[in-house]
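Reader: Could we go through this structure together? I would like to begin with a strand pairing and then move on to the rest.

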Amino acid sequence: MSATIPITPVMAKGVHATRPSRSAAFEYLTTKKDELVGWGRKFSIFPYPFVTACCAMEFMAVSSTPYDTDRFGAALPRFSPRQSDLLMVVGTITHKQAPILLKVYEQMCEPKWVMAFGACATSGGFYQNYATLLGIDRIMPVDVYVPGCPPRPETVIDGIMQLQDRIARQRHPIVNDAF
Amino acid sequence: MRDTVLASLRDDFADTAKASIDRGALLLAVDPQEVIATATRLRRDYGFDLLLDVTAVDWPGRPLRFDVVWHFYSTTQRVRARMTTAVAEASPDVATLTGLYGSAGFMERECHDMYGIRFAGNADLRPILLYEGFVGHPLRKDYAKEHEQPLVPYRDER
């Protein structure tokens, strides 16, 4: 070949970036199944707001723009318990209401978590009378209690973050004893 | 203006009831058998077209233990009237006002829930705020305040 061809390899700029490279990072990721699933689940909490009383105002405040629970992946309320993971019990639960709340809880699919939002759902608050259930943990397991009458939005966000930590730490069996 | 209306009402009702003016309202203490007649008079002749409340007061230890209380308001004259009658615990019976005021139905149901007053003629005295199976009347003074009647068994009892 008489023609002089430059032998210096000339690569178009950017070829390395588009071509799959064996040396690139994150080709493989090693983790534990529980950590991966927990990481996914903690940022996709679908709350079911079971709203019965004045704490609802604070729930609206914490859901909307200035505080924005969407930052924690927990903004979109599902109005069917069958589509939701987190039962937020917002307000006073009476003995007359308790069977309805329990039915809603039982309709939720696993995995599910419960937040007692405010003093009344936590402990009955300042009520002690014929009508009021003194804390929803008398009829169902509760994962996180948010104190306050009503709670500050920061308190609720702290509760959501604590719940996220709990979800990230806990086991996520593919098949559990309820399934 | 209101005081002159109230004074003339008090004088008009002095024949059938113990009438007085109390805290800016006409107060009529009547016998239980006079309830319908007095309420009819208030409604038909004096324009008390709004029944605001039906409730009761528990006086433990008194021979006639309960006062049943009705609150009326006249939207034309803008005055209030309160009618009370005393009944015994053994027979807490008064006549219903559902024939005069439609709103009496729910309020009498609530009063029946809370105090056990029986409104003769009210065909529907099912629980309205309480639930089926609730025993007792929670606003009576002898109902213990911490007494609960849960519908769902508690977790530690299951």
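**Strands, helices and the chain contact**

Author: B:Trp70 stands opposite B:Met83 in strand 5 of chain B. Strands here are DSSP E runs of at least two residues, and helices are H or I runs of at least four, both numbered from the N terminus.

Reader: Before we go on, what kind of model is this, and how are residues and chains labelled?

Author: It is a predicted model, in which local features need pLDDT of at least 70 and side-chain atom pairs count only at pLDDT 80 or more, while totals for chains, interfaces and linings use all residues. Residues are numbered from 1 along each chain as its sequence is written, and chains are lettered from A and ligands numbered from 1 in the order in which they are written.

Reader: Back to that pairing: how many bridges link strand 4 and strand 5 of chain B?

Author: Strand 4 (residues 66–74) and strand 5 (residues 79–87) of chain B are joined by 9 bridges and run antiparallel. Two strands count as paired if DSSP finds at least two bridges between them.

Reader: In what order do the strands of that sheet lie?

Author: The order is 1-2-5-4-3 in an open sheet of 5 strands in chain B, with mixed pairing. Its edges are strand 1 (18–22) and strand 3 (50–58) of chain B, each of which pairs on one side only. On average, neighbouring strands of this sheet are turned by 20 degrees against each other, direction ignored.

Reader: Which helices lie across it?

Author: Helix 1 (residues 2–13) of chain B lies across strand 1, strand 2 (25–29) and strand 5 of chain B, at about 165 degrees to strand 1 of chain B. Helix 2 (residues 35–46) of chain B lies across strand 2, strand 4 and strand 5 of chain B, at about 170 degrees to strand 5 of chain B. Such angles run from 0 to 180 degrees between N-to-C directions, with axes fitted to C-alpha atoms, for helices over the stretch in contact.

Reader: And what is the overall make-up of chain B?

Author: Chain B has 3 helices and 7 strands, in the sequence pattern α-β-β-α-β-β-β-β-α-β. Its C-alpha trace spans about 65 × 30 × 25 Å along the principal axes. Of the 158 residues of chain B, 28% count as buried, that is, have 20 or more other C-beta atoms within 10 Å of their own, with C-beta atoms placed from the backbone.

Reader: How many residues of chain B touch chain A?

Author: 13 residues of chain B are in contact with 11 residues of chain A, contact meaning that C-beta atoms, placed from the backbone, lie within 7 Å. The chain B side divides into 7 nonpolar, 2 polar and 4 charged residues. Nonpolar covers Ala, Val, Leu, Ile, Met, Phe, Trp, Tyr, Cys and Pro, charged covers Asp, Glu, Lys and Arg, and the others, Gly among them, are polar.

Reader: Turning to chain A, how are the strands of its 4-stranded sheet arranged?

Author: The 4 strands of this chain A sheet are in the order 1-2-3-4, forming an open sheet with parallel pairing. Strand 1 (47–51) and strand 4 (144–146) of chain A are the edge strands.

Reader: Is strand 2 of chain A enclosed or open, and why?

Author: Strand 2 of chain A is largely enclosed by the rest of the structure, because 5 of its 5 residues are buried. A:Leu86, A:Met88 and A:Val90 are buried on one side, and A:Leu87 and A:Val89 on the other.

Reader: At what angle do helix 3 and helix 6 of chain A pack?

Author: Helix 3 (residues 55–63) and helix 6 (residues 153–169) of chain A pack at about 70 degrees, with axes 9 Å apart. Helix 3 and helix 6 of chain A are therefore roughly perpendicular, a term for angles of 65 to 115 degrees. A:Glu58, A:Ala61 and A:Val62 in helix 3 of chain A meet A:Pro153, A:Val156 and A:Ile157 in helix 6 of chain A.

Note on methods. Two residues are in contact if their C-beta atoms, placed from the backbone, lie within 7 Å. A residue is buried if 20 or more other C-beta atoms lie within 10 Å of its own, exposed if 12 or fewer, and partly exposed in between; C-beta atoms are placed from the backbone. Angles under 35 degrees count as roughly parallel, over 145 as roughly antiparallel, 65 to 115 as roughly perpendicular and the rest as oblique.
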